[in-house]
Amino acid sequence: MTNSAATTRAVTTRPAFWLWAAACLAGAWVALDLLGPRVRAFPVGAVAGLVLLAPALAAGVWLLRRLHPVRSRPLGYALIAVGWGGLAAFGPALPANAAFQAVLGGTAGAEFTATWGAAITAPVNEEILKLLGVAVLALIVPHAVRGALDGFGFGALVGLGFQISENFLYVLNTIVLTGATQDARAAFFSFGSRMIGGAWWSHWAMTAIAGAGLGRLLGRPSRTGVAVACGALVVAMALHSWWDAPVLAGVALLPVKGAPILVAAIVTYRIARYRYLTGFRRAAREETERGVLVPGEGHVLTYRKWRRKERWDVPAGEPRRLLTRLRAAQLELLDDRLGGLEPDPGAADRLRGDIRDLRRRLNASQRPAPA
């Protein structure tokens, strides 16, 4: 069995994977039930919206996967996160927001709810539903979330999935609001205003912040971690409320209104990145002292460009495949020491044994053949 097949089997045998699949199917059913009539009524606009949003989704996944400073996040894990945001979180958020606004309207009045309802209901419902995606991913793949940086990255991917689905909803809403006379034009207008004008500080940034807090807790469970996770979720909700609040209205003011969200996301990322690299380099130094890594390998492992460069200095075929496997095992060893759910006490020793064996085989494959 190949490593890829073994990984797939390990993922699909976990109950959390089937929870994820069921939640995505249920979310898709709810979304289709609510949006289906408008899609059937405006097929041209719906297709135009999908054509515009699909490349944006692909570009967002590519970019957010590469936010990790050492190696891109596995595509399969990224798609699990995006699927949760776009289906499992988005579908239930529609009736949940409507129900919350109905309760708010009955207590605070219709006028107040019309003005402030979105800023009160959406942050609570949507941020909790999206953050659950990071938790479910951590249950499906315990080693995927080992700290704040992983939580940030997967939270951003969950938020991106939600953002794309919500933008499709707004495409349909814009068609209705413009009189349903120019479906494709309305789709282009909605895409331009929401993706080009608002994508830089939207759901991906809010959920990334909350995800970083949860990642911190999952990587190293502690009372401090609980406080950080709760605080990060509150910050994400506050930023979401600020974005939905009826202040600084108008397209021209979008950068002003969105700047605090983007700045908060960047600061969170820089802190999480610094903490990750500090732990990664410390682990590399300790493994070098053990003799598992040779001097200089820690630097190579830290940077993608050096790992790409060294591959071209190794003969193609078996030597290059062995080098790829060696580097993957070394990266896994260094990451294994950073924390995470369900720690395996024997994983480090097994990986060290694999590294020594791969290094021996790599050296043997590059020796000149005897005359």
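## Basis

The model is predicted, so local features need pLDDT of at least 70 and side-chain atom pairs count only at pLDDT 80 or more, while totals for chains, interfaces and linings use all residues. Residues are numbered from 1 along each chain as its sequence is written, and side-chain values use heavy atoms, with hydrogens and water left out.

## Cavity

One cavity of 30 Å³ or more is counted. A cavity is a set of points, on a 1 Å grid over the protein atoms alone, where a 1.4 Å probe fits but cannot get out. Grid points are joined across faces, edges and corners, and the volume is the space filled by probe spheres set on the points. The volume of the largest cavity is about 30 Å³.

Its lining (residues with an atom within 4 Å of a point) consists of Trp20, Ile80, Ala81, Trp84, Gly133, Val136, Leu137 and Ile140. Helices α4 (75–108) and α5 (110–140) each supply at least two of the lining residues, and α5 gives the largest share, with four. Helices here are DSSP runs (H or I, at least four residues), numbered from the N terminus. By class, seven lining residues are nonpolar, one is polar and none is charged; Gly counts as polar in this scheme, and Ala, Val, Leu, Ile and Trp are among the nonpolar types.

## Ser190

Ser190 lies in helix α7 (residues 183–198). Its relative accessibility is 2%, so Ser190 counts as buried (buried is under 20% relative accessible area, exposed over 50% and partly exposed in between, with a 1.4 Å probe and protein chains only).

Leaving aside residues up to four places away in sequence, Ser190 touches Asn167, Tyr170, Val171, Thr174 and Met195; contact means heavy atoms within 4.5 Å. Phe168 is 22 residues from Ser190 in sequence, with a C-alpha to C-alpha distance of 8.8 Å.

## Aromatic pairs

The structure holds five aromatic pairs, meaning rings of Phe, Tyr and Trp (its six-membered ring) with centres within 6.5 Å. The ring centres of Phe17 and Trp18 are 5.0 Å apart and their planes stand at 85°, so this pair is edge-to-face (planes over 60 degrees apart; under 30 is stacked and the rest tilted).

Phe17 is buried at 14% relative accessible area, whereas Trp18 is exposed at 51%. Phe17, Trp18 and Trp20 form one aromatic cluster.

## Cysteines

A disulfide is a covalent bond between the sulfur atoms of two cysteines. The structure holds zero disulfides, counted as cysteine sulfur pairs within 2.5 Å. Cys24 is buried at 7% relative accessible area, and Cys230 is partly exposed at 45%.

How values were computed
1 Å grid on protein atoms, 1.4 Å probe; cavity = no way out; pocket = protein on both sides within 12 Å on 5 of 7 lines; lining within 4 Å.
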